Amino acid sequence: MRLILMFDLPMVTKKEKRIYTRFRKSLIQNGYIMMQFSIYSKIFNNRESADNHIKQLKRFLPSQGQIRIMVVTENQYAKIQIIVGGISKQEEITKVEPLLRL
C-alpha cells in the first residue's frame, strides 16, 4: 500500500512559513518521500498499518490549509503516467519491486 499525502498550506506570515517547514520536515522524518512539491508518499505493508498511521498523522496536522490523503495499492501506484519529466531520484531509490508477477 502507498499513502499519498497532498497539502497546500498558507505561507504568507513568518509563523505560517514556520508551520509549513515544521510539517514538511516531520513528513520526511517519518519516512515520506517527495513526489512533487507538496505531494509526498509513504509505503506501508498493508491497509491496517496505513490506517494506524493516518490516526497518528492527525495528531500533528496544521490547523489551516488543505491536507488530503489517498491510499492506493502498489499496482495502482505503478500505473501513474508521467507526462513530462521522469521519476524523481527519491522515487528511483525507493522503487518497490512487486512481490508477485502476474
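Colleague: What do β2 and β3 form, and which residue in the turn has a positive phi?

Modeller: This is a predicted model. In it, β2 and β3 form a hairpin, with two residues between them. Ser38 sits in the turn and has a positive phi of about 65°.

Colleague: How do you know that β2 and β3 pair?

Modeller: Pairing needs at least two bridges from DSSP. Strand β2 (residues 33-36) and strand β3 (residues 39-43) are joined by three bridges, so they count as paired. They run antiparallel. Ile33 has Ser41 in β3 as its bridge partner.

Colleague: Why is Ile82 called partly exposed?

Modeller: Its relative accessibility is 43%. Buried means under 20% and exposed means over 50%. The value for Ile82 lies in between, so partly exposed is the label.

Colleague: Where is Ile82, and what makes the nonpolar surface patch?

Modeller: Ile82 lies in the loop between α3 (74-78) and α4 (89-93). Ile80, Ile82 and Ile87 make the patch, about 260 Å² of it. A patch residue needs over 30% relative accessible area. Ile82, at 43%, therefore passes that cut-off.

Colleague: What share of the protein chain counts as buried?

Modeller: Of the 102 residues, 27%. The chain exposes about 7900 Å², and carbon and sulfur atoms supply 54% of that area.

Colleague: How many of the contacts between residues at least 6 apart in sequence join residues at least 24 apart?

Modeller: The share is 71%.

Terms used. Residues are numbered from 1 along each chain as its sequence is written. This is a predicted model: local features need pLDDT of at least 70, side-chain atom pairs count only at pLDDT 80 or more; totals for chains, interfaces and linings use all residues. Side-chain values use heavy atoms; hydrogens and water are left out. Patches are made of residues with over 30% relative accessible area and no salt bridge: like charges are joined within 9 Å, nonpolar side chains (Val, Leu, Ile, Met, Phe, Trp, Tyr) within 5 Å. Accessible areas come from the Shrake-Rupley method with a 1.4 Å probe; for residues, only the protein chains shown count as cover. A salt bridge is a side-chain nitrogen of Lys or Arg within 4 Å of a carboxyl oxygen of Asp or Glu. Helices (H or I, at least four residues) and strands (E, at least two) are DSSP runs, numbered from the N terminus. Buried means under 20% relative accessible area, exposed over 50%, partly exposed in between (1.4 Å probe, protein chains only). Contact means heavy atoms within 4.5 Å.
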